[in-house]
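Good morning. I will take a few minutes to go through one structure. Please have the sequence and the model open.

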Amino acid sequence: MLTEKLKPFPCNGCGKCCANVHLSEITLPLSRGDGICRHLDTATRRCKIYDNRPEICQVERQYRENYAEQFSWDEFIAINLEICENLPDRIAANSLDLASGISDQLLKDEEINAR
């Protein structure tokens, strides 16, 4: 196994990988039922158990154990960043749905109060 020190993975903390766990059989068990990881804090887009996160979520470990013979670290980073960029931002979409629902309810409340 590769033991050399690797530069940090350039995660921007968007949380899109954690909000799309339903797209892989390996990460599907992490879903809270809607495809979003049960350990993701959707308000902060941060992992609530980061220091104890599952092995599949540890990018550097996954590289060392499963991909180091196929790709350089830089290639692995590039592949993962491309995948990340193409994932839907389901956190933002859920926030918009929630905001839309609240707006709809406020409009209904105003209609009721206006009667």
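Which residues of H1 are buried? They are Gln 62, Tyr 63 and Arg 64. Before going further, note that this is a predicted model.

Tyr 63 comes up again when we turn to the nonpolar cores. The largest nonpolar core has seven residues: Ala 19, Val 21, Leu 30, Ile 36, Cys 37, Leu 40 and Ile 91. There is also a second, separate core of five residues, and Tyr 63, Trp 73, Phe 76 and Ile 77 are among them.

Leaving aside residues up to four places away in sequence, Ile 36 touches Cys 18, Ala 19, Val 21, Leu 30, Ser 31, Thr 42, Arg 90 and Asn 94.

The largest pocket holds about 1400 Å³. It is lined by 42 residues, and those closest to the centre of the pocket are Cys 17, Ile 56, Cys 57, Val 59 and Asn 80.

Which elements supply at least two residues each to that lining? Strand S2, at 46-47, does, and so do helix H1, at 59-67, and helix H2, at 73-86. H2 gives the largest share, eight residues.

As for the kinds of residue in the lining, 27 are nonpolar, nine are polar and six are charged.

Notes: Residues are numbered from 1 along each chain as its sequence is written. This is a predicted model: local features need pLDDT of at least 70, side-chain atom pairs count only at pLDDT 80 or more; totals for chains, interfaces and linings use all residues. Side-chain values use heavy atoms; hydrogens and water are left out. On a 1 Å grid over the protein atoms alone, a cavity is a set of points where a 1.4 Å probe fits but cannot get out, and a pocket is an open set with protein on both sides within 12 Å along at least five of seven lines; lining residues have an atom within 4 Å of a point. Grid points are joined across faces, edges and corners, and a volume is the space filled by probe spheres set on the points. Helices (H or I, at least four residues) and strands (E, at least two) are DSSP runs, numbered from the N terminus. Ala, Val, Leu, Ile, Met, Phe, Trp, Tyr, Cys and Pro count as nonpolar, Asp, Glu, Lys and Arg as charged, and the others, Gly among them, as polar. Buried means under 20% relative accessible area, exposed over 50%, partly exposed in between (1.4 Å probe, protein chains only). A nonpolar core is a set of buried Ala, Val, Leu, Ile, Met, Phe, Trp, Tyr and Cys residues joined through side-chain atoms within 4.5 Å. Contact means heavy atoms within 4.5 Å.
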